[in-house]
Amino acid sequence: MTTPNADRRSVFITGAAAGIGRATALTFARKGYVVGGYDIDEVGLKTLADEIDQMGGSSQTGHLDVTDSDEMARCVGEFAEAAGGRLDVMINNAGILRAGRFEELDVAGHLKEIDINTKGVVNGLYAAFPYLRDTRNSVVVNLSSASAIYGQAELANYSATKFFVRGITEALDIEWSRHGIRVIAMWPLYVQTAMTDNIKTGTTDSLGIRLTAQDIADAIVAATEPSALRRALHQVHFPVGSQTKVLVAGSRFSPAWLTRLVNKKLAHS
Ligand SMILES: NC(=O)c1ccc[n+]([C@@H]2O[C@H](COP(=O)([O-])OP(=O)(O)OC[C@H]3O[C@@H](n4cnc5c(N)ncnc54)[C@H](O)[C@@H]3O)[C@@H](O)[C@H]2O)c1
């Protein structure tokens, strides 16, 4: 950590070496936050730390496999202590995606996807709780996805993991409100990152891959600093991009058979 300072807000980000996590780390650093960037990719973390250093920001980076609850507890604890005992924002971002027909992908890969995308979030929430509780106006941001609107063909297992993220977000936002902790979820549609580099499904064909990592980073920062109206409305889920907003609104008002039909058509299935 270059400049520990208990007066500065702090943010812990999993999967910070690349993609959405990296763009988010840099965006919070530009806003003056002390940034904790953690990932299994230590080469990517080194360049992230250098970039934050060059902009005069403060960061601490380190190896973290989100599926390892002991390592998660150690990393979150060390970071929060170094940041003056405070944790303002916890971002459970690390995730993987495997696309294809369910039975054609190997089962070990399905289970790994569940471990990282769901157990990784549980580990992050559990480790961060005491520090979030002791920090005023703290917030958790979980990376869900537009695939949590309706189960997605060719992304069945991934989509199911994002329903898990949706559920745990809603429940803990209620449960932890007595501790003053907001728990929210971001719902992007496809984003141009390494995750989507080589994927081709019915919905990538029909909807395209339009969002950038910076679009999501900006939406995350805005969601952690809500307007008075948003705070009063207590928004929990944040669809990102106009396509996602239309799909979310459509799914709320259309009957189940129509939602299924639209999803089937979009998936070309
Ligand atoms: N890219 C999209 O289209 C999209 C859309 C909606 C939601 N999301 C979600 O956003 C999050 C970030 O996705 P991205 O597009 O930036 O992906 P990405 O592949 O660009 O980056 C993911 C990062 O997570 C790290 N990671 C993977 N396994 C890890 C583990 N076990 N422990 C710690 N770090 C690990 C990787 O090393 C990488 O740096 C994911 O949760 C993803 O599901 C992505």
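Phe-12, Tyr-38 and Phe-79 form one aromatic cluster; rings of Phe, Tyr and Trp (its six-membered ring) pair if their centres lie within 6.5 Å, with planes under 30 degrees apart counted as stacked, over 60 as edge-to-face and the rest as tilted. This is a predicted model, in which local features need pLDDT of at least 70 and side-chain atom pairs count only at pLDDT 80 or more, while totals for chains, interfaces and linings use all residues. Residues are numbered from 1 along each chain as its sequence is written, and side-chain values use heavy atoms, with hydrogens and water left out.

| Pair | Geometry | Centre to centre | Angle between planes |
|---|---|---|---|
| Phe-28 and Tyr-33 | edge-to-face | 4.7 Å | 70° |
| Phe-129 and Trp-176 | tilted | 4.9 Å | 40° |

Phe-129 lies in helix 4 (residues 107–133) and Trp-176 in the loop between helix 5 (156–175) and strand 6 (182–188), 47 residues apart. Helices (H or I, at least four residues) and strands (E, at least two) are DSSP runs, numbered from the N terminus. Phe-129 is buried at 18% relative accessibility, and Trp-176 is buried at 9%; buried means under 20% relative accessible area, exposed over 50% and partly exposed in between (1.4 Å probe, protein chains only).

Tyr-38 belongs to strand 2, on the side that also holds Val-34 and Gly-36. In strand 2 (residues 34–39), six of six residues are buried. Strand 2 pairs with strand 3 (residues 58–63) in the parallel sense over six bridges, where pairing requires at least two DSSP bridges between the strands.
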